[in-house]
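Welcome! Take a look at the model first, then follow the topics below.

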Amino acid sequence: MTAEIDQQPDMLATIARNRADIAAVAADIAARPPRFALLAARGSSDHAAIYAKYLIEVLLGLPVGLVSPSTTTLYGARPDLRDVLLVSVSQSGGSPDLLEVTQAAREAGARTVAVSNTPSSQLFTAADLAVDIGAGQEDAVAATKTYTATLLSLYLLVDAIRGGKGEAAADIGERADATLRGSADQVARAVDRYRFATRVVAAARGYSYATALESSLKLAETSYLQTRAYSGADLLHGPVAAVDEETAVVGVTSTGKGGDVMGDVLAAVGDRGADVLAVGSAAARMPSALRIDVPETAEEIAPVLEILPLQRLALQLSLARGGNPDNPRGLRKVTKTR
C-alpha cells in the first residue's frame with residue numbers, strides 16, 4: 001500500500017499526458033449525445049461514480065442516476081434505455097453483477113462504456129466503448145492508485161465530451177507530488193491524535209462528497225474503525241445528534257462552492273465536542289483541531305488530490321494500531337457479487 005500510494009504522482013501525470021485515447025471515446029459519445037446517463041459501480045468504484053455524477057450533471061448538464069445492479073441481476077428489470085449512456089466503473093472488471101448490468105443495458109438500447117484497469121476483462125468486451133485507466137498492477141487489497149486513476153480518467157472523459165482539453169489536470173502529477181510531500185507531517189500528527197479513536201464521521205459537499213465516502217471506506221477496511229460518511233447537508237439533518245466528544249470528524253473542504261458551505265457544518269460538530277480534522281485546500285479557513293493542507297486546484301479536480309493524504313492516514317493509522325493494511329481481515333482484492 002505504501003508503494004502504491006507513492007506511485008500516484010507519476011501515474012497521474014502519465015494519464016493526463018496520454019489523454020488521447022480517452023478523448024477518442026469522448027468524441028464517440030459526443031457524436032451521439034445521450035438523453036441522460038446512468039452509472040454502475042461497487043465499492044471504491046462506486047465513490048468514483050458518485051464523483052462522475054457531479055461531473056456529468058454540472059459540466060454537461062445531463063441528469064444522472066446511479067444504477068442498483070440488483071434490479072437487473074435479482075429482479076430481471078429491463079427498462080427502455082434507448083439514447084441513454086451507461087458507464088460501468090470497475091477497477092478489476094471482474095464483478096459479475098456489473099457485467100450483467102452492462103450486457104443487459106446494451107441489449108436495452110443503451111450506449112455502454114466500461115471504465116476499468118483491466119483491459120482483458122469481460123467488462124471491456126461487453127461494452128460498446130472502453131476506457132483503460134492505466135494504473136498498472138495494484139497488489140494491495142485497499143485500492144489507492146486505481147481509485148485516483150479512475151477519478152482522473154472520468155474527469156478527462158467528461159471534460160473531453162464538453163470539448164475540453166484537460167487543462168485543469170495538466171499539472172496534476174506535480175500537484176499530487178506536492179500534496180504527498182507537503183502533508184506528511186500533518187498526517188503524522190493526525191495519526192498520533194486518532195490512533196485510539198473508535199468512531200469517525202467523514203463529511204463533505206459537492207465533488208468532495210466522493211472523498212468523504214472513500215476516506216471512510218479506507219479507514220474502515222484498514223484500521224477497522226467504525227466510520228460513516230455523509231454529505232455535510234445530510235449530517236445536519238439528523239446524524240449530528242450522534243456526534244459527541246468521542247467522535248472524530250474528517251471534514252473535506254477544498255476551495256469552491258462545496259467547500260464554502262462546510263464551515264458551518266464543522267462549526268456545528270465542533271460545538272458538540274467532536275474532534276475535527278479539516279482536509280483540503282480550504283482547510284486553513286475551517287474551524288478544526290487539526291488540518292491537512294492540499295494544494296489549490298479547480299474544484300472539479302480537487303478529489304484527485306484530497307484523497308492522497310487520507311490514504312496515507314488510513315495506512316499509518318492501521319500500522320499504529322498494530323494492523324496490517326496489506327492484509328485486512330475478511331477482504332480480497334476482487335469481490336464478486338450478484
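In this predicted model, 13 residues line the second largest pocket, and N18, D21, D132, I133 and G134 are the ones nearest its centre. Helices α2 (8-17) and α3 (20-31), along with strand β5 (129-132), each give two or more residues to that lining.

**The pocket**
- The second largest pocket holds about 220 Å³ of space.
- Sorted by class, its lining has 7 nonpolar, 4 polar and 2 charged residues.

**Strand β9 and its neighbours**
- With strand β8 (residues 247-252), β9 forms a parallel pairing over 5 bridges.
- In this pairing, L277 of β9 stands opposite V250.
- Strand β10 (residues 290-293) also runs parallel to β9, and 4 bridges join the two.
- Here V279 has I292 of β10 as its bridge partner.

**The whole chain**
- You will find 15 helices and 10 strands in the protein chain.
- Its radius of gyration is 19 Å, close to the 20 Å that the globule rule gives for 338 residues, so the chain is as compact as a globular protein of that length.
- The C-alpha trace spans about 55 × 40 × 40 Å along its principal axes.
- Of the 338 residues in the chain, 56% are buried.
- Among contacts with a separation of 6 or more, 74% are between residues 24 or more positions apart.

Methods
Residues are numbered from 1 along each chain as its sequence is written. This is a predicted model: local features need pLDDT of at least 70, side-chain atom pairs count only at pLDDT 80 or more; totals for chains, interfaces and linings use all residues. Side-chain values use heavy atoms; hydrogens and water are left out. On a 1 Å grid over the protein atoms alone, a cavity is a set of points where a 1.4 Å probe fits but cannot get out, and a pocket is an open set with protein on both sides within 12 Å along at least five of seven lines; lining residues have an atom within 4 Å of a point. Grid points are joined across faces, edges and corners, and a volume is the space filled by probe spheres set on the points. Ala, Val, Leu, Ile, Met, Phe, Trp, Tyr, Cys and Pro count as nonpolar, Asp, Glu, Lys and Arg as charged, and the others, Gly among them, as polar. Two strands pair if DSSP finds at least two bridges between them. The radius of gyration is taken over C-alpha atoms; the globule rule is 2.2 Å times the number of residues to the power 0.38. Buried means under 20% relative accessible area, exposed over 50%, partly exposed in between (1.4 Å probe, protein chains only). Contact means heavy atoms within 4.5 Å.
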